[in-house]
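Good morning, and thank you for making time for this item.

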Amino acid sequence: MKSSETGRYTVFNNTMGTYNLLQAMVDLDLDANLVHLGTMGVYGYGQTGKATIPEGYLPVKTSTPDGEKEIEIVYPPMAGSVYHNTKVTDHQWFQFFQRNYGLRITDLHQGIVWGTQTPETSRDERLINRFDYDGDYGTVLNRFLAEAAIGYDLTVHGKGGQKRAFIHIRDTVKCVEMAINNPPETGDRVKIFNQSTETHRVLELAKKISEMSGVEINHIPNPRKESEHNELDVDNSSFLSLGLNPTTLDEGLMEEIEDIARKYQSRIDESKIPPSSFWTRDIEDAAKAVK
Ligand SMILES: NC(=O)c1ccc[n+]([C@@H]2O[C@H](COP(=O)([O-])OP(=O)(O)OC[C@H]3O[C@@H](n4cnc5c(N)ncnc54)[C@H](O)[C@@H]3O)[C@@H](O)[C@H]2O)c1
C-alpha cells in the first residue's frame with residue numbers, strides 16, 4: 001500500500017506466483033495437495049457483525065422455483081488491502097483449478113502470527129526465525145513485544161478497537177503439518193481451515209503487554225484505512241478436532257519478551273518503528289500534519 005509500484009509488485013508477484021504453480025501442477029499432471037497460507041483478512045472485518053465466521057463456506061438460504069433452499073457458497077470476500085486482495089484472487093484461482101482440473105487444494109485462512117521459535121528453531125540460535133517489527137512487515141503483537149523490550153511507547157493505531165485473530169508460530173507450523181496429513185480426496189471442493197487460536201482487540205493486547213513490561217501506550221494516527229472497532233468470532237473447530245493444542249498468549253508472551261525481544265534488543269533500530277506507509281493520500285496528509 002506504500003505506492004502504486006509496490007502495489008503492482010505485490011499483485012504481480014503473488015497472483016502470478018499462484019497461477020504459475022497451479023498451471024505447473026496441471027502441466028506436470030501432479031497428484032499433489034497444494035497447501036496455501038492464506039489469511040483471515042479475506043473475510044473482512046465486521047461485515048457480519050457478531051456472527052461466527054465459518055471455515056470458508058457460508059450456508060445461505062435462497063429462493064428457487066421449488067421453494068427455499070439452503071446452499072453453501074464461498075464466504076463473500078471483503079479484503080481491506082492490496083495484499084489481502086491477492087489472497088482473495090488466489091482463492092478464486094483455487095476454486096477454478098479444482099473445478100476445471102480436479103486439483104486437490106487446501107487454503108489456510110490464517111490469523112496474525114506471533115512468537116518466534118518453534119521446537120526445531122529453539123535447538124540452535126542460528127535457526128531462529130526473522131522477527132519483523134517495522135511498520136510495513138512487523139505484525140502487531142511482535143511490534144508491541146519489540147517496543148516493550150526497548151521501553152518505546154506501544155504504537156496503537158487509532159482507538160485500538162480492531163479485533164483480530166492470532167496464532168503462535170508453533171501452532172502455525174503444526175497446522176500446516178496437519179493440513180498436509182489430512183488432504184482432500186480427489187474431486188473434493190477446496191478445503192478451507194481457519195488457522196487461528198484466539199481473537200483480541202489491539203488495545204487489549206497493548207494493555208496486557210503494558211502491564212507485563214511497564215511501557216506506556218501511545219495512540220497514534222491510524223496509517224491504515226480500516227474500521228477502528230469491529231467484532232470477530234472465528235470457527236476454528238477443524239484444527240481443534242484434529243488435536244491442535246494451542247499456545248495461548250498468557251503462556252507464551254512473557255517468554256517472547258524475555259527470550260527474544262529483550263535478549264536481542266540491541267539489534268532494534270528505533271527509527272524503523274513508526275509507520276512509513278499510509279493507505280490513502282488523505283491518511284498520509286493527516287499523518288504529516290500531526291508531525
Ligand atoms: N505473518 C503473519 O502474520 C501472516 C498472517 C497470515 C498469513 N500469512 C501468510 O503466511 C505466508 C508466510 O508469511 P511470513 O509472515 O512468514 O512472511 P515472510 O516474509 O517471513 O516469509 C515469506 C517467505 O517467502 C519467500 N518468498 C517470497 N517471494 C517468493 C517467491 N517468489 N518464490 C519463493 N519464495 C518467496 C521469502 O523469501 C520468505 O522466506 C505468506 O503467504 C503470508 O501471506 C502470514
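I begin with an open sheet of 3 strands, whose order is β5-β7-β9 and whose pairing is mixed. Before going further, let me say that this is a predicted model, in which local features need pLDDT of at least 70 and side-chain atom pairs count only at pLDDT 80 or more, while totals for chains, interfaces and linings use all residues. Residues are numbered from 1 along each chain as its sequence is written. As for terms, helices (H or I, at least four residues) and strands (E, at least two) are DSSP runs, numbered from the N terminus. Two strands pair if DSSP finds at least two bridges between them.

At the edges of this sheet are β5 and β9 (198-201), each of which pairs on one side only. Averaged over the sheet and with direction ignored, neighbouring strands are turned by 45° against each other. For this and later angles, axes are lines fitted to C-alpha atoms, for helices over the stretch in contact, and angles run from 0 to 180 degrees between N-to-C directions. Strand β7 (residues 163-168) pairs with β9 in the antiparallel sense over 4 bridges. Phenylalanine 166 stands opposite glutamate 198, a residue of β9. Across β5 and β7 lies helix α4 (residues 169-181), which runs at about 75° to β7.

Next comes the sheet with parallel pairing, which is open and has 3 strands in the order β1-β4-β8. Its edge strands, each pairing on one side only, are β1 (33-39) and β8 (191-195). Strand β4 (residues 104-110) is joined to β8 by parallel pairing over 5 bridges. Leucine 108 stands opposite phenylalanine 193 in β8. Helix α2 (residues 82-101) lies across β1 and β4, at about 155° to β1.

I turn now to the packing of helices. Two packed helices are described by the angle between their axes and the distance between the axes. How do helix α3 (residues 140-150) and helix α5 (residues 202-213) pack? Their angle is about 25° and their axes are 10 Å apart. α3 and α5 are therefore roughly parallel to each other; angles under 35 degrees count as roughly parallel, over 145 as roughly antiparallel, 65 to 115 as roughly perpendicular and the rest as oblique. On the α3 side the contact is made by Val140, Leu141, Phe144, Leu145 and Ala148, and on the α5 side by Val202, Leu205, Ala206, Ile209 and Ser213. Two residues are in contact if their C-beta atoms, placed from the backbone, lie within 7 Å. By class, this contact of α3 with α5 divides into 9 nonpolar, 1 polar and no charged residues. Ala, Val, Leu, Ile, Met, Phe, Trp, Tyr, Cys and Pro count as nonpolar, Asp, Glu, Lys and Arg as charged, and the others, Gly among them, as polar.

Helix α7 (residues 249-262) and α3 have axes that come within 9 Å and cross at roughly 75°. α3 and α7 are therefore roughly perpendicular to each other. Leu145, Ala146, Ala148 and Ala149 of α3 meet Glu256, Ile257, Ala261 and Arg262 of α7. The residues of this contact are 6 nonpolar, no polar and 2 charged.

α5 also packs with α7, at an angle of about 50° and with the axes 11 Å apart. α5 and α7 are therefore oblique to each other. In this contact Lys208, Ile209, Met212 and Ser213 of α5 meet Leu249, Leu253, Met254 and Ile257 of α7. Its classes are 6 nonpolar, 1 polar and 1 charged.

Finally, the ligand. Which residues surround the ligand? They are Asn13, Gly17, Leu37, Thr39, Gln110, Ile112, Val113, Arg130 and Thr139, where a residue is near a molecule or strand if its C-beta atom, placed from the backbone, lies within 6 Å of it. At least two residues of this shell come from each of α1 (4-27), β1 and β5 (112-114). The shell has 3 nonpolar, 5 polar and 1 charged residues.
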